[in-house]
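Welcome! Here is a short briefing to read with the model open beside you. Take a moment to look it over before we start.

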Amino acid sequence: MTRVDTVVVGLGVMGGAALRSLAARGLRVLGIERFEPGHDRGSSHGATRILRLSYFEHPSYVRLLREAYPLWRELEAMAGRRLLHITGIVEIGTPDSQLVRGTLAAAREHDLPYEILNATELMRRHPAFRVPSEFIAVAQPDGGFVEAEPTLAAQIALARAAGAEIRTNTTVRAIEPRQDGVRVITDSDAIDVARVVVAAGAGISKLLPDLPIRLRATRQVLAWFEPRQPDVFDAARCPVFLIEGPHGTHYGFPLQPGAGVKVAKHHHFEEVVDPDDYDRNVSSSDEAAIRAAVADYLPAANGKLNAATTCLYTMAPDGDFIIDTLPGEPRIIVASPCSGHGFKFAPLIGEIVAELATNGTTTRDITRFRLDRFA
Ligand SMILES: Cc1cc2nc3c(=O)[nH]c(=O)nc-3n(C[C@H](O)[C@H](O)[C@H](O)COP(=O)(O)OP(=O)(O)OC[C@H]3O[C@@H](n4cnc5c(N)ncnc54)[C@H](O)[C@@H]3O)c2cc1C
């Protein structure tokens with residue numbers, strides 16, 4: 001191994017993005033991952049993640065998303081393959097639901113294109129949905145999905161091509177600030193570097209016991225249903241969707257040929273787990289929590305369960321991201337843009353982390369993601 005100046009711990013989508021952006025700036029960077037990139041014990045595996053421009057969580061995300069979209073296009077061009085699928089998105093609920101109110105507020109504040117559909121118009125235009133008459137839908141043309149695992153693979157390949165080194169199946173045990181740098185202790189050696197990016201997802205709390213907040217790992221479940229009427233879920237007729245109702249908030253995608261219709265419940269059971277030891281089997285109650293919404297709102301997808309799997313959300317206490325340096329330790333950068341909605345920002349997060357690493361500051365407004373908001 002050549003001498004490196006920066007270590008990135010964790011090669012999920014955020015570590016991969018950071019590795020690529022750091023290598024592209026000419027830093028000598030090493031990425032360390034305890035499994036193989038694309039493994040299924042973190043947050044970044046699987047086929048798809050939703051991308052949307054108007055943002056029900058908070059309007060301030062829209063500015064960042066406007067920057068993220070062109071970076072996705074740039075990543076696609078560099079990877080030489082398609083990663084983005086703009087299908088449009090419908091966000092469905094009662095007019096006073098958090099989803100509908102939040103999306104509309106963000107769209108209006110940022111003057112984004114959208115349409116409001118009443119229940120009849122929604123079901124006429126997109127026959128996959130069956131919703132009560134009091135529901136409405138906010139339709140945004142810019143929504144869609146990104147291909148998750150191909151994104152991971154592209155980032156890693158581009159980082160390598162730009163000179164990054166990668167060590168897989170290696171666990172970082174400790175990160176120790178020292179007078180002249182930071183020591184990264186793995187299960188096989190110790191590496192002294194100028195700075196460390198900790199993008200270890202649900203592993204961050206164990207690695208950084210002095211982090212001023214506790215990140216919670218929650219177990220999530222994804223399910224693929226065999227549609228009874230596949231044609232209504234074709235991407236030409238069915239956009240990506242989110243639905244808030246008495247069963248909670250569910251989301252899903254157009255038909256993935258060969259796999260089925262993917263539907264999941266956002267914040268499944270809010271079940272906090274040990275990320276190193278949690279149940280990765282999918283139970284009948286897991287399936288029931290998703291099927292309840294499928295039966296009510298997507299009856300044409302209510303066929304047999306083709307597949308189901310688990311995934312982790314790394315939750316900050318307020319549901320926003322953590323992107324900052326450790327208090328009093330500017331050589332350690334923490335990047336946990338998760339809380340269940342970070343993937344769509346990945347190429348931008350890589351740039352922000354690289355700016356923090358090289359300049360100690362970033363041109364993007366990350367006030368909302370700073371650790372001092374918890375003070
Ligand atoms: C079910 C599900 C659905 C989602 N849907 C969406 C969506 O539709 N749209 C969206 O924008 N976002 C979505 N997200 C969120 C998004 O996927 C996450 O924000 C993102 O994947 C977080 O990536 P990460 O790199 O921070 O974490 P991870 O992917 O968990 O990566 C962290 C990596 O660090 C490694 N690691 C941990 N500890 C150590 C250690 N000590 N040493 C070495 N390596 C270590 C882990 O093995 C892991 O590979 C979803 C997430 C889930 C789980």
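Let's begin in a loop: Glu-270 is found between strand S17 (261-265) and helix H7 (284-297). Helices (H or I, at least four residues) and strands (E, at least two) are DSSP runs, numbered from the N terminus. Residues are numbered from 1 along each chain as its sequence is written. Please keep in mind that this is a predicted model: local features need pLDDT of at least 70, side-chain atom pairs count only at pLDDT 80 or more, and totals for chains, interfaces and linings use all residues.

- Glu-270 has a positive phi of about 55°, although it is not a glycine.
- Is Glu-270 buried or exposed? Glu-270 counts as exposed because it has 12 C-beta neighbours inside 10 Å. The cut-offs are these: a residue is buried if 20 or more other C-beta atoms lie within 10 Å of its own, exposed if 12 or fewer, and partly exposed in between, with C-beta atoms placed from the backbone.
- Asn-169 sits in the loop between strand S9 (165-167) and strand S10 (172-178). Asn-169 also is not a glycine, yet has a positive phi, of about 50°.
- With 11 C-beta neighbours inside 10 Å, Asn-169 counts as exposed.
- His-110 belongs to the loop between helix H3 (98-109) and strand S6 (115-118). His-110 has 17 other C-beta atoms within 10 Å, so His-110 is partly exposed.
- Leaving out residues up to four places away in sequence, His-110 touches Pro-59 and Val-62. Touching here is contact: the C-beta atoms of the two residues, placed from the backbone, lie within 7 Å.
- His-110 and Pro-212 are 102 residues apart along the chain, and their C-alpha atoms are separated by 33 Å.
- Gly-303 is in the loop between H7 and strand S18 (305-315). Gly-303 is partly exposed, because 15 other C-beta atoms lie within 10 Å.
- Which residues does Gly-303 touch, not counting residues up to four places away in sequence? They are Phe-225, Glu-226, Pro-227 and Arg-228.
- Gly-303 and Trp-224 are 79 residues apart in sequence, and 9.6 Å apart in space from C-alpha to C-alpha.

**Strands and sheets**

- Strands of a sheet pair through backbone hydrogen bonds, either parallel or antiparallel. Two strands pair if DSSP finds at least two bridges between them.
- S4 and strand S8 (residues 144-147) run antiparallel and are joined by two bridges. His-85 stands opposite Phe-145 in S8.
- How many bridges link S10 and strand S11 (residues 181-186)? Six bridges hold this antiparallel pair, and Pro-177 stands opposite Val-182 in S11.
- Strand S19 (residues 322-326) and strand S20 (residues 329-336) are paired in the antiparallel sense over five bridges, and Leu-326 stands opposite Glu-329 in S20.
- The hairpin of S19 and S20 has two residues between the strands, and in this hairpin Gly-328 takes a positive phi near 75°.

**Domains and ligand**

- The chain is divided into domain 1 (6-45 + 149-212 + 318-374) and domain 2 (89-141 + 216-315). These bounds come from an automatic or database domain assignment.
- The C-alpha centres of domain 1 and domain 2 lie 30 Å apart, and 13 residues of domain 1 are in contact with 10 residues of domain 2.
- Where does the ligand lie? Domain 1 and domain 2 both give residues to the shell around the ligand, so the ligand lies between them.
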